[in-house]
Amino acid sequence: MDRQGVGTTITQHILKQQREKPEATGAFTTLLNELIVAAKVISREVNKAGLVDILGSTGKINVQEEQVQKLDVFANQIIIERMQHIGQLWCMGSEEDPDLIEIPAQYPKGDYILFFDPLDGSSNIDVNVSIGTIFGIYKRKEGGSGDLLLSEALQPGIEQVAAGYFIYGSSTIMVYTTGNGTGVHGFTLFPSVGEFLLSHENIRIPGKGKIYSVNEGNYPYWDEKTRALVDYFKTPDRETGRPYTSRYVGSLVADFHRNLLKGGIFMYPADMKDPKKPTGKLRLMVEANPLAMVVREAGGYASDGHGPILEIEPTELHQRVPLYIGSKEDVEMAEAFISGRVEA
Ligand code: AHM
Ligand code: MG
């Protein structure tokens, strides 16, 4: 920020990036701007969440005699309502909705597809711990049938044209990238001005970190390779800087953001809690892919333990994947353990 207190706003930043692209039509700028408005509304609601019990608890009638909604349902509705009328989207996919979300017939359609997790970190919503919104944006495939089919909407993460997240924490921050070497940039919401101002320009994740983030309560449900990997990060070894420090918030956005700035690895491995579903917990389209694009652009890496998250061909809207994401060297080490290149 300069001395007069006038920093670069997110809108200025997006416009500047788009001006450098001759093919830009303004559609993408409109889309991102509307998403930012939705996030500001969500941020406002998150900030007053503690007042819900005073003004009327969730599921009850508040003082204005309105039904008080659960925050994640509210966040989902706000994003859908704001995004569906702008004329830039072909469809949406949300963690909260079982199927693709169609654009109502009264609104014009566009070529972009938005996947999002409206309010991630559901177990932390009621306890004042950071939560977030995650988004990944794609362009509709050319030469498709035009019908709203899952097979036409789902694409590997590498096809994302932009991705990022909002974190509602000690302050509200937006981090986004449009890929292709444009960098990862962070903006902090200045509440009294109501604008996101550039606060973290060109974020680069350290090549190797000192933090590992994983829910170790799942240890009994992991296979030998996963246990060996987590044991590795905890085993003292001066040369490789181990043991690593353990940090786990339980909100992916918060854990990811900290590791992005400080270096480290976040893991949500496959587990056998439900033996019929030995996948990870996190969703490919709305959680893993967007953060994988961000981390790659910042110099890091995201893997499912065998290869890049961004290259996975999705087959289901709510497909789950094991996720290892963060500093490149650490994630490559995780891959070596999980894929069996290092002995468990
Ligand atoms: P959610 O989409 O229901 O909020 O679940 C996703 C969250 C992530 O934010 C977090 O990384 C993970 O679940 C934590 O899971 P666990 O409680 O099993 O450690
Ligand atoms: Mg989630």
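This report describes the fold, sheets, helices and selected residues of a predicted protein model.

## Basis of the description

The model is predicted, so that local features are given only at pLDDT of at least 70 and side-chain atom pairs only at pLDDT 80 or more, while totals for chains, interfaces and linings use all residues. Residues are numbered from 1 along each chain as its sequence is written, chains are lettered from A and ligands numbered from 1 in the order in which they are written, and side-chain values use heavy atoms, with hydrogens and water left out.

## Overall fold

The protein chain contains nine helices and 13 strands, where helices (H or I, at least four residues) and strands (E, at least two) are DSSP runs numbered from the N terminus. Its radius of gyration is 20 Å, close to the 20 Å that the globule rule gives for 344 residues, so the chain is as compact as a globular protein of that length; the radius is taken over C-alpha atoms, and the rule is 2.2 Å times the number of residues to the power 0.38. Along the principal axes, the C-alpha trace spans about 60 × 55 × 50 Å.

Of the 344 residues, 53% are buried, a term that means under 20% relative accessible area, with exposed meaning over 50% and partly exposed lying in between (1.4 Å probe, protein chains only). Among contacts (heavy atoms within 4.5 Å) between residues at least 6 apart in sequence, 62% join residues at least 24 apart. The chain exposes about 16,200 Å², of which carbon and sulfur atoms supply 48%; these areas come from the Shrake-Rupley method with a 1.4 Å probe, and for residues only the protein chains shown count as cover.

## The eight-stranded sheet

Eight strands form an open sheet with mixed pairing, in the order E2-E1-E3-E4-E5-E6-E7-E8; two strands are taken to pair if DSSP finds at least two bridges between them. The edges are strand E2 (101-102) and strand E8 (195-200), each of which pairs on one side only.

Strand E5 (residues 162-168) and strand E6 (residues 172-177) run antiparallel and are joined by six bridges, with Met174 in E6 as the bridge partner of Phe166. Five bridges join strand E7 (residues 184-190) to E8, again in an antiparallel arrangement, and here Phe187 stands opposite Leu198 in E8. The hairpin of E7 and E8 has four residues between the strands, and Gly194 in this hairpin takes a positive phi near 75 degrees.

## The five-stranded sheet

An open sheet of five strands, likewise with mixed pairing, has the order E10-E9-E11-E13-E12. Its edge strands are E10 (245-246) and E12 (301-303), each pairing on one side only. Strand E9 (residues 211-213) runs parallel to strand E11 (residues 265-268), to which two bridges join it, and Ser213 stands opposite Phe266 in E11.

## Helices and their packing

Helix H9 (residues 328-338) has several buried residues, among them Val331, Ala334, Phe337 and Ile338, but also Asp330 and Glu335. The buried residues of H9 pack against helix H6 (224-234), E11, E12 and strand E13 (323-326). Helix H7 (residues 252-262) is mostly covered, with nine of its eleven residues buried, including Asp255, His257 and Arg258.

Gln17 in helix H1 (residues 10-19) is buried, with a relative accessible area of 12%. Leaving aside neighbours within four places in sequence, Gln17 is in contact with Tyr176, Thr178, Thr182 and His185. Glu45 in helix H2 (residues 27-47) also counts as buried, at 15% relative accessibility, and its contacts, with neighbours within four places in sequence left aside, are Leu71 and Phe74.

## Backbone features in loops

The peptide bond from Arg242 to Pro243 is cis, with omega near 5 degrees, and Pro243 lies in the loop between H6 and E10.

Asn128 has a positive phi of about 65 degrees although it is not a glycine; this residue belongs to the loop between strand E3 (112-120) and strand E4 (131-139) and is exposed at 76% relative accessibility. Asn180, in the loop between E6 and E7, has a positive phi near 50 degrees and is exposed, with a relative accessible area of 77%.
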